[in-house]
Amino acid sequence: MDDFLLQATVFLAAAVIAVPIATRFGLGSVLGYLLAGLIIGPGLGLVAHTEDLRHFAEFGVVLMLFLIGLELEPRALWDMRHRLIGLGGLQILLTTLAIMVGAMTLGYPWQTSLAVGMTIALSSTAIVLQTLSEKGLMQTNGGRSIFSVLLTQDIAVIPMLIAMPLLAVVAKVSVGPDGSIRRAIDNGAMTNGAAEDGHASMSLVDGLEGWQAAGVTLGIVAAIILAGIYGARPLFRFIHTARLPEMFTAVALLIVIGIAFLMTLVGLSPALGTFLAGVVLANSEFRHELESDIAPFKGLLLGLFFITVGAGIDVERLMAEPVLMVGLALAVILIKGLVLYFIGRAFGLRKRGLWLFTLGLAQAGEFGFVLVSFGLQQSVFPEMLASRMLLVVALSMLITPLLFLLFDFIRARLETEQEQAQADVIDEEGPVIIAGIGRFGQVVNRLVQSSGYRTVVLDHDMPTIQLMRRFGYKGFFGDPTRPELLHAAGLGSARVLVAALDDAKSTTKLVAYARRVRPDLHIVARARDRNHVYALYQAGADDIVREMFDASLRAGRYVLENIGMSEYEAAIAEETFYHHDRQTVRDLAKLWNPAIPAVENEAYIARARELEKELETALFTALEARGKHDVA
């Protein structure tokens, strides 16, 4: 017990220290966890024997796929069938063949080489999906393609495990009770339901004929689907009668753990089973309850898994063969990357989506640990090869966050080159220039044009410009912060500039340049938050509109109308708040300093408190005056 508490303390302390630091420097949480494991394991030697803990932590992958399944309706999964079969199937096949040829070139027999290829073909579901979620890339074209391949890989683990014993080339040697040497090839099958250690196996398919095992497997899968469709709602309604929030958490974990257990009984991937259950429950009214209950466990276990990967890196072997081990890891990434690149192009991925697909899946994955260990038991891999493969898999996973940083760099370069190379020739001028035609700029543009005034619209997002054109609105593609485009749009003669870009820094840059060039120009700017308001104020904007302020103010008025105020009183309160807030922003903008965080700016805080008290007084006075007016 003491040892367990010590290990738990070390793991949690490492995560608490390393992850925020890594995130602060833009490296992502995954790399923080991996580095934490590397430090407390091989670095400081604070933990050892992480293999058992890794098996426990892999349950985080199971929870993650269950939550992903909850976000997918069955129809959406059906729509992905071409990616699952095409992208996923080709990736596994071609990567396996490429790695197999490489291993045979190094002198390994074709059976061992094929097993190596299958192992390396799999990518890291845990690291990739976690990083995609953090970076908001899951719903992009490249992100959806990655998810399809990862799901196909999880399914492919099953036939790989079945095929692995058939590839055994190393004879097992055992010593009999009489001292004689016995030599036999173990095909991995367990007879009569007995495990190797003599205890009864809990598997439901051991000892069955192929068609019988398939029938049992299909029966389990069908039972999960039917239970999800017909049993989930009654179960949650029954749990609801207890009026205890922890019961919802308990039943959510019961569903996931129970399904994972059933999958292991028939030799299927627990992650695949829980994903299927999540898809079945995606249309349930209890979906959000399940998500909120399971998400904390998923995050913690995934973090623990990443730490165990870092802690399990064989530094001694790495130091003994540094060039070979690093070279093999980079070779794996290069070979997989080339295969992914050409497959992605064949399936229509381009530019950002293609690079995300290529770099995101170029590593080996956590199922590689399973296949290598199983292959070693089944005499598929020699011990030296297995040891090297485990290290290569771990190193490639450790490099993965750096590949995503490389993608960020490439994406930024592609966006810059695209804007500079393909900017439209602007052949119109107007009294109003609208820079940015997202949700905010669209409304402004429609109102101004519908009122009879001509606008010139600029935006650096080509799909948005193309969508505008389909609805009959003309716009020009290009970066609105580029001076030559602004002048081509008529900056020298325009009366109003609307700065409505999504990126706050770009909006501030645009306002500052326009004010410097045209001191007489009226500038209306969109602000993301109050700090951005201050920056725009200092840059020279005339009218600054916080993107959520008016909507929030209107929502507050609706609240007042439904808790006792009349519509007129709520409108008075709304108007008073609006005018006071505008004055508050002007006052605080004079005290705001971008170099000092607001919480450390004592003058700013003191004035903000004074203005908040003045707001209460102003609201009371306005409503009191209204009451006296009604009496009179």
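Let's start with contacts, meaning heavy atoms within 4.5 Å. Take the contacts in the protein with a separation of 6 or more: residues 24 or more positions apart account for 71% of them.

Quick ground rules. This is a predicted model, where local features need pLDDT of at least 70, side-chain atom pairs count only at pLDDT 80 or more, and totals for chains, interfaces and linings use all residues. Residues are numbered from 1 along each chain as its sequence is written, and side-chain values use heavy atoms, with hydrogens and water left out.

Now zoom in. Helix α15 covers residues 322–346, and its axis lies 8 Å from that of α16, at an angle of about 150°. Axes are lines fitted to C-alpha atoms over the stretch in contact, and angles run from 0 to 180 degrees between N-to-C directions. Which residues of α15 meet α16? Gly337, Leu340, Tyr341, Gly344 and Arg345 do, and they meet Leu354, Phe357 and Thr358.

Last stop: Lys351, in helix α16, residues 351–360. Lys351 is not a glycine, yet its phi is positive, about 50°. Most residues other than glycine have a negative phi. Is Lys351 buried or partly exposed? Lys351 counts as partly exposed, because its relative accessibility is 43%, and that class runs between 20% and 50%.

Notes: Helix = DSSP H or I, 4+ residues; strand = E, 2+ residues; numbered from the N terminus. Buried < 20%, exposed > 50% of the residue type's maximum accessible area, 1.4 Å probe, protein only.
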